[in-house]
Amino acid sequence: MTRLLSDEELVRETLEGREDAFSELYDRYRRQVYATSYRITQSSEEALDATQEVFIKLYRSLSTWNPRKAKFSTWLYRLAANHAIDCWRARRRRAESELVEGAVERDPLRDAFHSPQREVENREKVDEVKRCVDDLPELQKKVFVLRYFQELKLEEIAAIEGCSIGTVKTSLFRGTQAVRRRLARSIDPKAGVQK
Amino acid sequence: VKSHYTEDELLLALLGEGGDPGVASHLEECPSCSAVSGELRQALDVVAAWSVPAVPEETWEARRVALMANLRAAPSITLSARLAEGLRGVWSYALENPLPALGYVAAAIAFASERTITVFRLDQILPGTNEVFEILRQVL
């Protein structure tokens, strides 16, 4: 029976030139990296490309990872979130220059990947959340995705972002508040007004 | 006794991120805070329902093949490769700037000689080391 290697061991073996060690890291984390990218870019195609680019960046910067500073997964999710933010920013600039209207573009791979059974019953609400997250400022978006979907602790996010826990908390509060108000407004247009 | 908790405090308690331990008992008695907390919980439930489209296994496999091919074409990241890369950089600097490079080498030799003699106390072990060291110092 083969023993499951730790992330640290796989990183060390990759740095020693073992290609299959990196392949193992890819298998271990590709889905989470893709999910992070998808929730920020909100496009399957773009998220797949971003995942690929994140792993190339990861490979090149592997020797700079310091296990005493952050867990490998935390470090990787931050890399993924930053890269996805860059992609999102670039797309937004393109959209502005092309004067394209509409907040969330239609995702061509979505129908191919989605089975009807997996559709959530409150899809309109989820779409509302997506639009709201798309409108959040960069740091709020990043903190929102890392906290709610990658389930990183606020201290971990503060450590990898190099900012205070207070800044991270404020970003999360504002992002969550925006989502809650938007959802409340979508049910009752008069609701969601500041208390 | 706190009359009401803020939305932020209620959120921290919901997330289990070191919120006030008194929140749970307060929520049982306070309908207003309980309503806000309930609304927050509903919002978080909707957020959690945001699923990610599944990617077929063959797409991942094709992406993996492309990734590994890309990495094989990239410069190696092994320690020896990075060391060789560093040495190549030093060598090209030396070729482009021979005089400063010679100066650095001479300074390094002088420093190393002095450290070797003083740290290992060679001057006490070998007769005449002090004289050799003095000559070396004058030459350099």
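Start by selecting Arg31(A) and Glu57(B): their side chains meet in a salt bridge, 3.0 Å from N to O. Here a salt bridge is a side-chain nitrogen of Lys or Arg within 4 Å of a carboxyl oxygen of Asp or Glu. Before moving on, note that this is a predicted model, where local features need pLDDT of at least 70 and side-chain atom pairs count only at pLDDT 80 or more, while totals for chains, interfaces and linings use all residues. Residues are numbered from 1 along each chain as its sequence is written, chains are lettered from A in the order in which they are written, and side-chain values use heavy atoms, with hydrogens and water left out.

**The interface of chains A and B**

Now show both chains together. The rule finds 9 salt bridges across their interface, along with 15 residue pairs in polar contact, both partners at pLDDT 80 or more. A polar contact is a pair of N or O atoms within 3.5 Å; within protein, one must be able to donate a hydrogen and the other to accept it, and residues adjacent in sequence count only if both atoms are side-chain atoms.

**Helix H7: Tyr148(A)**

Select Tyr148(A), in helix H7 of chain A. Is Tyr148(A) buried or exposed? Tyr148(A) is buried, with a relative accessible area of 13%; buried means under 20%, exposed over 50% and partly exposed in between, using a 1.4 Å probe and protein chains only.

Display what surrounds Tyr148(A). Leaving aside neighbours within four places in sequence, Tyr148(A) is in contact with Leu172(A) and Thr176(A), and also with Leu11(B), Leu15(B), Leu44(B) and Val47(B). Its side chain makes a polar contact of 2.8 Å with the side chain of Thr176(A).

**Helix H7: Lys141(A)**

Stay in helix H7, residues 138-148, and select Lys141(A).

Technical notes. Helix = DSSP H or I, 4+ residues; strand = E, 2+ residues; numbered from the N terminus. Contact = heavy atoms within 4.5 Å.
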